[in-house]
Amino acid sequence: MSFPKDFLWGGAIAANQCEGGFDQGGRGLSSADYLPADKARFALCQGRLSIDALDASMYYPAREGIDFYHHYKEDIQLLAQMGLKCLRLSIAWTRIYPNGDDETPNKEGLLFYENVFKECKKYNIEPLVTIDHFDVPVHCIRKYGSWRNRKMIDFYKKYVTTIMTRYKDYVQYWITFNEINMLLHLPYVGAGIIFDGNENENQVKYQAAHYQLVASAWATKIAHEINPENKVGCMLAAGDTYPYSCDPKDVFEAKKQDEDNFFFIDVQARGYYSKYAKKQFEKLNLNLDITSEDETILLENTVDYISFSYYASRCASANLKDIDKTEGNAFASLKNPHLQTSDWGWQIDPLGLRITLNTIYNRYQKPMFIVENGLGAKDVVEEDGSIHDPYRIAYLKEHMKAMKAAIEEDGVDLLGYTSWGCIDLISASTGQMSKRYGYIYVDRDDLGNGSLKRIKKDSFDWYKEVIEANGENL
């Protein structure tokens, strides 16, 4: 068997990177609205800078994005021309509940997404909706300390109940939290966490993660009660870790890093913390607020599928001296001498995707969904308006071949593939527009200048042909 007949070929975007309209339609301020395109960005991402310390004159790219808020009909029509069967997108929490703890939802926000989903259905595009994609109401950060506070679970449950009830007839596939493991690396991005300087950071991060896990389980329960046909998935930033050498110490270090990466997906897929996780809590001397009700909710409401992003594999050694490092999706990694890198230093490893698919499937035995994968690169608009991106086509083709082999030869169960940034958008890690992933170019630069004109790249027609052939032409 190659790709299933109902395989969901698609693309992925996120509200906080493309939607814009931050001060329109009753929307409240989100954590992403405070991420500047400035050297202060990374310090804030790590939770080591107060949002009150930011300069109002800085450029905040997420506030405008690519203005999907006003261009969604045009954008969805273009994606339909490409033949997309699925569009992964997220709902901005603050467009539904502007403060996060509001008594009633924002009617304009509810109507906006209903119109977006109707537009998708008009072209037979299946929406795959991320409930929380790096998007925390700023009011909740200021008043409650964000996800360090158990009250966030109830706010999230109310938000989930509202959107799943309203969009019951339009959405069947849901993801509870985007890349939940990113919380440990970029706590402000993952959970709106800003450290006060005197607290135990590990205690805060793991407690916030636990509350998100409980909220995720509640979302799964709510989804199945509202519509038994709903499919709910978890999501992690994935990519196997290779030992730098066959030294057993390097092998063991790589395995430990992989265990850390699966820490929370274990809970969402199996319903409980692994013994490895509990040992880590002991080693870090953590005293987490975990109730018996939490444990019951987690155990009884595991996810229906595992979704993940894959951009690169990683490399680890027990001896870090004199070994070059390379960039990655928020994860530092040793440089693998056998791999090439992208314009931004991310290691390119198509076979690593097949390895990762096997690792996840063998670990959980649940259907999988690749919901992010792609090449961030600098594109050039030629004088005639064309955009030639053979490097992107080559990258995607090799990763799709790896997916095909994992299905045909290894027997993994893969529901679909939504390549990241199917239309150019703001980079989550850097805030840049010049780091482009899309099949569709958006005329906007790193300072927010440009006409916002949409232009098809060569990869647009190539992906259209792949979808038409259901991947048999790779």
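I started at Gln365, which I found in the loop between helix 14 (350-364) and strand 13 (368-372). Helices here are DSSP runs of H or I with at least four residues, strands are runs of E with at least two, and both are numbered from the N terminus.

Before going on, I noted that this is a predicted model, in which local features need pLDDT of at least 70, side-chain atom pairs count only at pLDDT 80 or more, and totals for chains, interfaces and linings use all residues. Residues are numbered from 1 along each chain as its sequence is written, and side-chain values use heavy atoms, leaving out hydrogens and water.

**Loop residues**

Most residues other than glycine have a negative phi. Gln365 is not a glycine, yet I read a positive phi of about 55 degrees. I then looked up Ser146, in the loop between helix 6 (138-144) and helix 7 (151-166); its phi is also positive, near 60 degrees.

Are these two buried or exposed? Ser146 is buried, with a relative accessible area of 0%, whereas Gln365 is exposed, with 51%. The cut-offs are under 20% for buried and over 50% for exposed, with partly exposed in between (1.4 Å probe, protein chains only).

**Barrel**

I traced eight strands that close into a barrel in the order 1-2-3-4-5-7-13-14, with parallel pairing. From one strand to the next, the twist averages 25 degrees. Two strands pair if DSSP finds at least two bridges between them.

Leu8 has Gly416 of strand 14 as its bridge partner.

**Helices**

Helix 9 (residues 201-226) packs on the sheet and touches strand 4 (173-177) and strand 5 (231-238), its direction making about 160 degrees with that of strand 4. Contact means heavy atoms within 4.5 Å. Angles run from 0 to 180 degrees between N-to-C directions, and axes are lines fitted to C-alpha atoms, for helices over the stretch in contact.

Helix 16 (residues 458-468) lies across strand 1 and strand 14, at about 150 degrees to strand 1.

Last, I checked helix 7 against helix 9: their axes come within 9 Å and cross at roughly 25 degrees. That makes the two helices roughly parallel, a label for angles under 35 degrees. Residues making the contact include Tyr156 and Val160 of helix 7, and Trp218 and Ile222 of helix 9.

Note on methods
Angles under 35 degrees count as roughly parallel, over 145 as roughly antiparallel, 65 to 115 as roughly perpendicular and the rest as oblique.
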